[in-house]
Amino acid sequence: MNDNLQAIILAAGKSTRFNTEKTKLAETICGQAMILFSTKLMATLHIPTTVVVGYQQEIIKKIIFAEHNDTITCAVQEEQNGTGHALACTQELWNNDYILVMNGDMPLVTVTIIKSLYDEHIKSGAAISFVTACITHSQEQSYGRVVVADNCISIIEAKDFIGNLEENYLINAGIYIITKKFLKNYISTLNDNNANKEFYITDLVKIASDNGYIVTTTKASFDDICGINTFEELSTIEQIKRLEIIKHWMKQGVRFSHPHQTHVDTTVIIGQGSYIGTAVQLRGNTIIGKNCTIAEFSSLNNVILENDVTIHSHCVIEDSYIESHADIGPFAHLRSNATIKHKSVIGNFVEIKNSVINTETKIKHLSYIGDATVGSRVNIGAGTITCNYDGITKHTTIINDHAFIGSNNTIVAPVTIGENAFTAAGSTITADVPTNALAIARSHQTNKHNYAQKLKTTSVESIITPENNSDTFSFIGARCIRSTTPADEQ
Ligand code: UD1
Ligand code: CA
């Protein structure tokens with residue numbers, strides 16, 4: 001099939017109905033740019049392909065190049081004068097006997113549809129063959145209607161259609177195979193006498209039919225050929241794609257608690273026996289091992305999980321690697337190259353950035369660990385912060401194996417805490433802590449005996465000094481301490 005067939009994908013349009021001033025073909029569906037669904041389909045079928053670009057062509061070219069390198073060529077349609085004009089812009093590149101033309105906004109088209117259109121085209125010796133589908137009256141009205149009258153077949157665009165669109169439910173899908181010879185002879189006969197003042201590719205059908213050429217059609221399911229002109233259509237199609245992906249993983253032994261409320265990108269891989277909770281988002285190059293649990297409302301983007309990992313609810317994890325039997329969350333934020341090793345526990349309200357947390361370490365509550373290497377079997381107390389940034393440069397914290405970091409520590413990097421070292425709760429660690437040492441870095445506590453009672457019995461008015469007439473009780477207390485009993489511990 002690829003010996004005499006080449007594909008032209010139309011992707012130059014302005015995407016006016018998206019109303020974003022951006023090309024819709026770069027919008028993603030389950031993580032993949034819309035245009036790539038068609039180009040990858042052609043690559044699967046080994047059909048040499050040209051993409052017609054125009055509006056925001058640099059964006060589309062970049063997407064295509066990143067996926068296909070130089071295996072796909074681009075042709076430019078400088079002004080967007082319609083689908084017929086877009087095809088005309090590729091004339092120089094018509095090398096094969098048959099030209100497959102497809103809109104770039106149809107991400108659900110299957111290999112079977114293309115193959116049956118091709119078979120039909122060859123079998124019938126047609127000048128032009130195209131795919132049709134039936135819609136129910138309530139469905140999208142913007143499709144071109146296929147009209148057969150007086151032995152002549154034509155496609156009439158919705159805007160140009162006279163009569164009741166709902167009674168004409170046979171629509172043009174937007175996929176055509178055209179014999180090169182016919183195309184070369186007739187492409188110049190297209191005109192823009194229509195509601196949009198555009199050159200329509202669809203007029204080639206009537207031209208072929210009027211001139212006695214064979215025209216054939218192949219029917220497909222509307223669900224496979226629906227196009228995307230609006231965000232509403234994008235969301236409908238993305239939901240179809242999502243469910244297709246989720247059904248695939250369910251067949252591989254993955255349990256989804258609410259498949260309709262879960263997002264999985266095309267690129268994600270999920271291991272057998274894993275459980276995916278409600279409203280979980282799995283994006284990018286995320287790979288989940290076997291028997292993992294991702295609880296409700298967690299979101300993973302470019303994350304690798306080994307087997308038996310538990311991610312509790314409401315975690316946000318990006319660009320990270322998590323080893324087997326680790327336990328994360330709820331409400332944890334792991335990002336920018338965080339590595340959590342075997343059996344480590346990262347608890348609630350913990351953020352970890354660009355750090356390695358070695359095996360069986362516990363960071364269970366309210367902490368920020370950034371640009372750090374934390375050893376094995378370390379315990380990090382609640383409220384620990386690595387101060388990694390001095391306003392100009394990021395600095396590294398090293399916490400060695402078996403260290404115990406007390407609660408509410410402020411660890412000012414660069415700093416190293418030795419093996420088996422201990423830091424007292426509430427410490428601000430600004431210097432290295434040797435192996436096996438205890439570091440206490442906080443001010444001494446002063447107990448003012450019976451002072452509480454005195455505070456309660458002293459009237460507020462009597463302790464306000466004339467020079468500082470503050471009206472907050474706590475400040476009055478501080479003044480009182482300074483003026484009457486300096487450093488008195490009795
Ligand atoms: C088109 C068909 C319609 C069919 C429908 C199926 C025409 C005139 N109409 O309508 O019969 O039912 O698809 O989805 O073809 N493009 C260009 N250059 C342009 C204009 C468009 O490259 O100057 C590209 C767009 O980027 C898009 C594709 O062609 O990928 C189709 O254009 P679009 O405007 O979406 O056509 P529809 O109105 O959907
Ligand atoms: Ca369209």
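First, the ground rules. The model is predicted, so local features need pLDDT of at least 70 and side-chain atom pairs count only at pLDDT 80 or more, while totals for chains, interfaces and linings use all residues. Residues are numbered from 1 along each chain as its sequence is written, chains are lettered from A and ligands numbered from 1 in the order in which they are written, and side-chain values use heavy atoms, with hydrogens and water left out.

A salt bridge here is a side-chain nitrogen of Lys or Arg within 4 Å of a carboxyl oxygen of Asp or Glu. That rule gives ten salt bridges. I will go through some of them.

Glu238 pairs with Arg242, at 3.2 Å from N to O. The two sit four residues apart in helix α8, residues 231-251, which puts about one helical turn between them. Helices (H or I, at least four residues) and strands (E, at least two) are DSSP runs, numbered from the N terminus. Glu238 is buried at 12% relative accessible area, and Arg242 is buried at 17%. Buried means under 20% relative accessible area, exposed over 50%, and partly exposed in between, with a 1.4 Å probe and protein chains only.

Next, Asp371 and Lys353, a salt bridge of 3.0 Å, N to O. Asp371 is in the loop between β27 (362-370) and β28 (372-374), and Lys353 is in strand β25 (residues 345-353), so this pair ties together parts 18 residues apart in sequence. Both Asp371 and Lys353 are buried.

Last, Glu360 and Arg377 meet at 3.3 Å, N to O. Glu360 is partly exposed, at 32% relative accessibility.
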